[in-house]
Amino acid sequence: MTYTRIIGTGSYLPERIMTNAELEALVDTSDTWIRERTGIAERRVVAENQTCSDMAIEAARAALDSAGVAAADIDLIVLGTCTPDRVFPSNACLVQRALGVQQGAPAFDVAAACSSFVFALDVTDRFLRTGGARRALVIGADTMTRLLNWRDRGTCVLFGDGAGAVVVEASDTPGILSTHLHADGTQEDLLNVPWGPGLGYERLDETSGKISMRGNEVFKVAVRTLGRIVDETLAANGLKKEDVDWLVPHQANVRIIQATARKLGLPMDRVVQTVQHHGNTSSASIPLALDAAVRDGRIKPGDLLLLEAFGGGFTWGSALVRF
Ligand code: UT7
């Protein structure tokens, strides 16, 4: 039996910190409201000349360093994002070129909004388990601030930029135990970016390329859905709630994270929470949280991790991982 094992993690956050106080100057909001309703204290914003692939490259370098693996030994790159630098080439191809990963190794992006990293991990796991690749980079990276309408207080206080990555390797010993992916396009109107190049350039206005969200409705669906996927993941592995060592959730809102932890009966000190430092970084949020908890020594080899995400589409997914 071949498994996919995570052998290195890395992440990158842009230098520029934007505080809640700065947002008070842009929209009718307050530091207190943002902290109480979301848990967010600050977020990072890319520099003017910085792109999503620039962040992805930094996170991938850090993951390769931590794994002790050379870029030349990577034979697959799967990158989750909803903010690629360009329509094509994919950001994965830009990472391949920048790092000097083998020419000819497959590299592609996966788009499932905030669930993209879990989707990318699932796809990669299937490659490795079936012998299609031996050692891969799985990356989540997004420049969500480029999709923000800085006059919409319902969204501009929530998101930030960042990237995270893992190096995975085919192994005889268990790593990823199961992955679970889902989508439901019927409620796409609750959370979307209403424009893409496929719609043409004729009717563009200042909100066309910006996130549109009915936050409270999304919130309720997210809490319900994540509760369900936790049950699905444990049942598929014949495990009980108390077997999980760490919940590594998508970092959108501290109240959504707390609701999922309650469902698992996990105390908050077994939940990796980084949303306060960088807001919702979409595809980057799970690998950012994972990297933080691995580097500070909370997550140790052998721990059982439950990764879960929910995002636009709607899309949602989970992965149960023996670290
Ligand atoms: O990554 C996955 C996708 N996204 C998410 O998971 C986000 C899901 N949604 C949320 O996190 C929450 O719904 C929000 C943080 C967006 C909003 O929190 P809420 O508790 O659901 O608030 P609400 O939308 O019900 O709004 C409550 C009040 C409203 O005012 P009234 O109608 O009660 O007078 C809003 O207009 O809060 C107001 N409000 C704000 N006030 C100050 C909304 N945004 C802000 C703001 N500052 N930034």
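Ser282 sits in the loop between helix 9 (275-278) and helix 10 (285-295); helices here are DSSP runs of H or I with at least four residues, strands are runs of E with at least two, and both are numbered from the N terminus. Although Ser282 is not a glycine, its phi is positive, at about 55°. Before we go on, note that this is a predicted model, where local features need pLDDT of at least 70, side-chain atom pairs count only at pLDDT 80 or more, and totals for chains, interfaces and linings use all residues. Residues are numbered from 1 along each chain as its sequence is written, and side-chain values use heavy atoms, with hydrogens and water left out.

Ala113 also has a positive phi, of about 50°, without being a glycine. You will find Ala113 in the loop between strand 5 (107-110) and helix 5 (116-129).

Next, look at two cis peptide bonds. One joins Phe88 and Pro89, with omega about 5°, and Pro89 belongs to the loop between strand 4 (76-80) and helix 4 (91-99). Another runs from Gly313 to Phe314, with omega near -10°; Phe314 is in the loop between strand 12 (304-311) and strand 13 (315-322).

Now let us turn to the ligand. Its shell has 22 residues, and the closest are Thr29, Arg37, Asn216, Asn253 and Asn280; a residue is counted if one of its heavy atoms lies within 4 Å of the molecule. By type, the shell holds 11 nonpolar, seven polar and four charged residues, where Ala, Val, Leu, Ile, Met, Phe, Trp, Tyr, Cys and Pro count as nonpolar, Asp, Glu, Lys and Arg as charged, and the others, Gly among them, as polar.

Which parts of the chain supply this shell? Helix 2 (31-38), helix 7 (215-236) and helix 8 (254-264) each give at least two residues, and helix 7 makes the largest contribution, with four. Because domain 1 (3-173) and domain 2 (177-322) both give residues to the shell, the ligand lies between them; the domain bounds come from an automatic or database assignment.

Finally, zoom in on individual atoms. A polar side-chain atom of Asn216 is 2.8 Å from an oxygen atom of the ligand, and a side-chain N or O atom of Asn280 is also 2.8 Å from a ligand oxygen. For Arg255, the distance from a side-chain N or O atom to an oxygen of the ligand is 2.9 Å. Such polar contacts are pairs of N or O atoms within 3.5 Å.

Technical notes. A polar contact is a pair of N or O atoms within 3.5 Å; within protein, one must be able to donate a hydrogen and the other to accept it, and residues adjacent in sequence count only if both atoms are side-chain atoms.
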